[in-house]
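Let's walk through a protein model together, one question at a time. Have the sequence and the 3D view open as you read.

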Amino acid sequence: MKTLKWLKAATVCAALILTLGTIASAAIGGELEIFSWWAGDEGPALEALIELYESKYPEVTVINATVTGGSGVNAKAVLKTRMLGGDPPDAFQVHAGQELIGTWVVAQRMEDLTWLFEEEGWFEVFPDDLFDLLSTEEGIWSVPVNIHRSNVLYFIPENLERWGVEAPSTWDEFLEIAPKLMNQGVIPMSLGENWTATHLWESVALSELGPDKYGDLWNGELSWTSPEVVGVWELFGEILEYTNPDAPSLSWQQATDMIVEGQAAFNIMGDWASGYLSVTLNVQPVTGYGWAASPGTEGMFMALSDLPVGSPNRDNTIAWLKTIGGLDGQDSFNPLKGSISARIDSDLTKYDLYLQSAASDYQTGQIVGSLAHGVVANERFMNDFATVMDIFLANKDARAAANAAHIVAIQSGMTK
Ligand code: GAL
């Protein structure tokens, strides 16, 4: 097995759920249920992948079961109930990293896919360090469908020009231009529901701590109560002063809409927003929207990866995993999804200008893992951190948030 040296973030992957009892090797046919949160605006990429699968395996009826809600906030709860209730879907979406390993692999719900990687020649086509997120010493637990970047700042260049500001490359610059935007009736930074606040928080943390100390937060070497981390909460609190008051009731798409509609200047979101902008809103990179690394994170790539996992109709699921991991699968899914291929041999001419730049940044950047999207923390931590975030959004008490996160890290087994 490849050596593990990842501490990165985002993609989509697939793994097999370990079913109890014997897994009969049936012929392809019958059904394949795919469970994810890629509904509505998030659906086109998955639909393209399903179409490809159906063209290869017309005997299989695909059930596209989605539970809407960005970053899987609702889907993950439904999945948990189904998994624990003995009713797993054939394939499910999960994030590479701790969300997969620290949740479903430790619970022994997954099947080792090393044989599939060998059979399909995937050791040669997925980057070495991606294996860190998919593997333990015991095996490889899922198939990556993409790599997302989370630390992206979006804006509409034409609007910035009109308002007389430029995209900030540091948080100091942001705090300097924010009052200027407010004076013009513009929200400096649009924000959505709770998980998007955590998404913003991780970019602020990366900028303030730098990649090494950010990593130390997850390996237990940097205390949540250290002055640096309290400082992250303080800065985050200052930034929140420049966000929209109705954030808790907005989806990530609605927060993106705010920059397109000229109500807000900036939004920090993963690059699925690039898919939403170009595919759903028909606002194209460079000509319609601009982007940069979130302030203070130039040269860093906060990554995550989505994976599907499956089981009751095992042969159909294996065929699904082969489709996902295959070159045509990756190149039909990712250009629509707003993510880069997890494979190193993809045809970049099929990807738009934003994604070409993300692919190049992925090659050269320092890779770290996303918190909001399951790479660095297990489900227990993420659930409890959402509560810490809720309280902070209400009281802006940096020290209390740092103390509470420290306790959550201990309780979830992420630090001693
Ligand atoms: C992420 C996921 C992305 C996208 C996003 C918004 O967690 O990795 O693929 O779906 O949530 O829902």
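Q: How far does a polar side-chain atom of Lys337 lie from an oxygen atom of the ligand?
A: Keep in mind that this is a predicted model. Pairs of N or O atoms count as a polar contact within 3.5 Å. For Lys337, the polar side-chain atom and the ligand oxygen are separated by 2.7 Å.

Q: How many residues surround the ligand?
A: Lys337 is one of the closest residues, and Glu42, His95, Asp306 and His373 are the others in that group. Counting everything around the ligand gives a total of 13 residues.

Q: What is the distance from an N or O atom in the side chain of Trp38 to an oxygen atom of the ligand?
A: The side chain of His148 has an N or O atom 3.2 Å from a ligand oxygen. For the side chain of Trp38, the value is 2.9 Å.

Q: Are helix 1 and helix 13 roughly parallel or roughly antiparallel?
A: Helix 1 covers residues 44–56 and helix 13 covers residues 327–337, and their axes are 7 Å apart. They pack at an angle of about 160°. Angles over 145 degrees count as roughly antiparallel. So the two helices, helix 1 and helix 13, are roughly antiparallel.

Q: Which residues of helix 13 make the contact with helix 1?
A: Helix 1 crosses helix 13 in a right-handed way. On its side, helix 1 brings Pro44, Ala45, Leu46, Ala48, Leu49, Leu52 and Lys56. By class, the contact has eight nonpolar, two polar and three charged residues. The partners from helix 13 are Asp328, Gly329, Ser332, Phe333, Leu336 and Lys337.

Q: Are helix 1 and helix 12 roughly perpendicular or oblique to each other?
A: Helix 12 spans residues 314–325, and its axis is 10 Å from that of helix 1. The angle here is about 120°. Roughly perpendicular means 65 to 115 degrees. Helix 1 and helix 12 are therefore oblique.

Q: Which residues of helix 12 make the contact with helix 1?
A: The crossing of these two helices is right-handed. From helix 1 come Leu46, Leu49, Ile50, Leu52, Tyr53 and Lys56. From helix 12 come Asn316, Ala319, Trp320, Thr323 and Ile324.

Q: How many residues in the contact of helix 15 with helix 16 are nonpolar?
A: Helix 15 (residues 379–395) and helix 16 (residues 398–411) cross at roughly 165°, with axes that come within 9 Å. That makes helix 15 roughly antiparallel to helix 16. Phe381, Phe385 and Val388 of helix 15 are among the residues in contact, as are Ala401 and Val408 of helix 16. One contact residue is polar and two are charged, while the nonpolar ones number ten.

Definitions and conventions
Residues numbered from 1 in each chain as written. Predicted model: local features only at pLDDT ≥ 70, side-chain atom pairs only at ≥ 80, totals over all residues. Heavy atoms only, no water. Axes fitted to C-alpha atoms, helices over the stretch in contact; angles between N-to-C directions. Helix = DSSP H or I, 4+ residues; strand = E, 2+ residues; numbered from the N terminus. Parallel < 35°, antiparallel > 145°, perpendicular 65-115°, else oblique. Contact = heavy atoms within 4.5 Å. Nonpolar A, V, L, I, M, F, W, Y, C, P; charged D, E, K, R; others polar. Near = heavy atom within 4 Å. Polar contact = N/O pair within 3.5 Å; in protein donor to acceptor, adjacent residues only side chain to side chain. Left-handed = near helix turned anticlockwise from the far one by under 90°.
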